[in-house]
Amino acid sequence: MLTRSLLKLGLRDLLRRRWQTGLMVLGVALGVAVVLAIDMANASARRGFSLSTEAIVGRATHQIVDGPSGVPDETYRQLRVDWGIHSSAPVVEGTGIAIDFGQEPVTLLGIDPIADAVFRDGLSSLTATPGFGRFYTEPGAGIIGQALAARNGLRPGDHLRIQVNDHITPILVLGVMHPADPSQFGSLDNLILMDVGGAQELLGMPDRVTRIDLIVDAAQAAAIAARLPPGLRIQPSSQERQTAEQLTSAFQLNLTALSLLALVVGMFLIYNTVLFSVLRRRTVLGILVELGVTPAQVFQLVVSEAAIVSAIGAAAGIGLGWLLGRGAVRLTTQTINDLYFLAAVRQPVLDAATVLKGFGLGLGAGIGAAILPAIEAASVLPVTALKRSSLEGRVRARLPWFSLAGGIVVVGGAGLLWLSGQSLALSFAGILAMLLGLAMLTPAATVLGMRLAGPALGRMAGLLGRMAARTVVNALSRTSVAIAALMIALSVTIGVSLMIDSFRATVVNWLGVTLRADLYVSAPSTSGTRPAASLSPGLPDRLRALPGVGAVETFRAVTVSSRLGPVALSVTDASRERQARLYRFAGGTPAQVWAQVIAGSVIVSEPFAYRHAIPPVGGSVTLQTDLGEHTFSVAGIYYDYTSDQGTVLMSDNIYHRYWQDRAISSMGVFLTPGANADQVSAELGAALEGTGLLVQANAAVRQKALAIFDRTFAITAALRVLAVVVAFIGVVSALMALQLERRRELATLQALGLPPGSMWALSFLETGLMGLMAGVLSLPTGLLLAWALIDIINLRSFGWTIRMAVNPYVFVQALLVGVAAALLAAVYPGLQARRESIAEGLRQE
Amino acid sequence: MIRLENLSKTYREGAEARVVLREISVRIPDGEFVAIRGRSGSGKSTLLNLIAGIDLPSSGEVVIDDICLNRLSARDRTLYRRDHIGFVFQFFNLIPTLTVLENARLPAELAGLPSAEADRRALELLARVGLCDRPREFPDRLSGGEQQRVAIARALVQSPTVLLADEPTGNLDRGTGETVLALLTELTRQMGKTLIVVTHSRRIAESADRRLLLEDGRLIADVETIPATG
């Protein structure tokens, strides 16, 4: 056990080294904060979706669903009247945009409050409200959720205009729901509750409902399934939640992995600082051992110090994480809304488990990082054996073995990456092992690099140059850890930057292939990548009649059921044959593939083929159509970056053969030769007046798509910056300690006549060399990481092909950051050396 | 000639002021070997640091050959020290990243001497201190006595007028200490340098031309050693 004096000794040392202790606290705090913020963002998105699902699904055990056009009303009548299933309720669900309130997305829910009362709490009190009869009788009347009302100052009697599909409808606010608990209806952030009939009219679903909710047991469910007409299905209501979790799991895992990287870099920082503290105090530790302090107590002393600092850092990190989390929640929610589903999350969720996890990670990382230095401290011999040279000698003697171990870890990581199959977690573990292995090779690379640089530096900067290179090697036990930490952080910057740049370049290229029309007409959308509205099928003919319009191409985006789960189906009119560049694999020439599509085949996107193991030739997809299940042969695999779940593309003539839905989601307008795009755009706008539809030029659509792309990677970029900040702090701390440790040596040089300017030059040369070394080593490591992220992680997460685009600016930037961090580290010790006299410096231990 | 005029040094320790040297006035002619003695904390090392210009007096002046060191800028003091003063430390203070030869030639190199000339001087001095066979060794391979011999070579390489030594044998065993001291005195006498040594040792002090005795920052004795006759 530690004695009181030993504890005091440790605490006083931490206080005496305020700068280093402060930086270590900051490093741990940032690491914990990043992990916590991402955890919060993921948990908030999950909770937001789960609450809204629970509130909407209520106590329903099963749902009857159909294809894109919905379940016929008649089925509901049959259920209740003919089959006697009274625990059933019709639900009409859709989304719209509150156009007067910052284009907020709203969830429209049409229900029958009486039939629904057994499914969802809070409705009975609602129906008892005086004047509730108008809910059924007043067209376009609705009850809104309290969050929507509070945010926009809406009261009963107010109107709010909602854009749904190709029309704008004013909704009369009949009342505001005040739910008793968050699982109830009214807690839904952007809810508008309407009568079934009103919602059907608003959403353009006459005589159809989105689904019928049921409370039935398994036997009843099976009996219903047997009696349902073709096309209709009964499914457990839990399926929706599972689907949402599956949709976002890869996205969230990627964020978690990246956030953990910040903590790993933080661990390097702690390791480095604790090691420095041990090495600096080796004489004191030796004296303690001489006085009878046991090696176990020395071990405990070092670990306790790290634990104290890590605990303070972790606590600070929780506070910082809460602040960062608010930004992270906004960014991830936006991305989830853009790419996956509408998750109205406004409040970050920070529960006790997340706080404990953050604290535990911070403390664990601190203690874990301190173990090796603590073992080093515990093995300290009495003072006579404590020459620094012998310690560095030992480090150099172990270097070949350490490097060999690093090589083995790299190979092991590569093997794990190779053998990990589709497992994302194992792939990340493989990458982490490779990075750690490369970090272990850093000391050997540093020795080699300095041997090469030394003579050249000697020629350029004379004695100072030779000294700088040798100092880096002579203090290898400290310098190599700092170099490795900075190298890892810079590699992450390079890897992630190259991945984002390559991805962006690929998407830009792909947009050029897919966006061929001059103008696009669509409804304002709650989703970023797929237009989900149902526009009137008569619209294209109206537009074709306008002057300057050569052709109008229609597009329909729907989700259909299949045994594989929900499938995003893209329906396009078959008039325009697709370019060869669109295809990843094609079973023939583009003309042959397109002929097959017109004849009834489909083409599937890359992620779809990857997820469902569809072979390039001879594959098929079975979808639930309105006529029952049908198997479509796959004629090719195409590039598509709109959905990581994948899409199936079908010609409209085939879609109309199997589905009754005739709506369209958006249109591409091709101009006649010589037509003025602005003029045609204005005419289209005039023709579509009152519909709320948007007419956008090709360039604007591309820009919007890239804005969504940039938004998606905003959080990744933020995490990358934070990882670099943690490393920056680590390097500044490590190099600062190294420079402070050499105060006597530097004072000796001054005593011997080295002018102050040369002192600065020497310090900058030493730290700059280390920064440069880290920068140089990070170039191949970063390239390797970029390859792993693009060709392994991205593929296994999303199934996209990304062409690597190597931007030299990224490498230059990494080098500059490395050198800048290192140079900055020399400033404080330099200033301190200026403040004290040479005599004071010479007295330093 | 070194002239110390009313030299005082006070250190601030929080709100308190600690006087380390009080009104020291001494004149040391060229070529003299002076030993400064006194108990620990008497101000010996501080006095040496003031003479070297690596610390500044609170009041008074340090004048070497008509140049008042404490009126020079930090840079000029450094350059003066480089060209005119050699320093030998108790803990040798060799630069661990430089070889024996590089350590020895360091002041000459800092002064901008051509490399060949710096090497020639350093090797010559290393030969005189008995280390000409190990110029490429790093300091951690040397014994304490050997390290101090390199430090002496380093101190003399610029042929300074004044050589200052702060307890040069304090970290050596007695035998080695005596050898090192003999070397130091012999070389400085041969070269006609002024040698000022801070020491606890009565034996070293007795071999000096003159002994200054400090107590609580005051110069309480300034004794010339009577050369042995007959």
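Me: Over how many bridges do strand S9 and S10(B) pair in the antiparallel sense?
Reply: This is a predicted model, in which local features need pLDDT of at least 70, side-chain atom pairs count only at pLDDT 80 or more, and totals for chains, interfaces and linings use all residues. Residues are numbered from 1 along each chain as its sequence is written, while chains are lettered from A and ligands numbered from 1 in the order in which they are written. Strands here are DSSP runs of E with at least two residues, helices are runs of H or I with at least four, both numbered from the N terminus, and two strands pair if DSSP finds at least two bridges between them. B:Arg210 stands opposite B:Glu224 in S10(B), and strand S9 (residues 210–215) of chain B pairs with S10(B) in the antiparallel sense over 6 bridges.

Me: Which strands are the edge strands of the open sheet that 6 strands of chain B form?
Reply: The order of this sheet is S6-S7-S8-S3-S9-S10 in chain B, and its pairing is mixed. Each edge strand pairs on one side only, and the two are strand S6 (85–88) and strand S10 (218–224) of chain B.

Me: In which order do 4 strands of chain B form an open sheet?
Reply: Within it, strand S1 (residues 2–13) and strand S4 (residues 59–64) of chain B run antiparallel and are joined by 5 bridges, and B:Ile2 has B:Ile64 as its bridge partner in S4(B). The pairing of the sheet is antiparallel, and the order is S2-S1-S4-S5.

Me: Why is H16(A) described as roughly antiparallel to H26(A)?
Reply: Axes are lines fitted to C-alpha atoms, for helices over the stretch in contact, and angles run from 0 to 180 degrees between N-to-C directions. The axes of H16(A) and helix H26 (residues 808–825) of chain A come within 10 Å and cross at roughly 155°. Angles under 35 degrees count as roughly parallel, 65 to 115 as roughly perpendicular, the rest as oblique, and those over 145 as roughly antiparallel. The crossing angle therefore makes H16(A) and H26(A) roughly antiparallel.

Me: Which helix gives the most to the side of chain A that touches chain B?
Reply: Two residues are in contact if their C-beta atoms, placed from the backbone, lie within 7 Å, and the contact takes 21 residues from chain A and 22 residues from chain B. Helix H15 (424–474), helix H24 (743–751) and helix H28 (838–843) of chain A each supply at least two residues of that side of chain A. With 6 residues, the helix that gives the most is H24(A).
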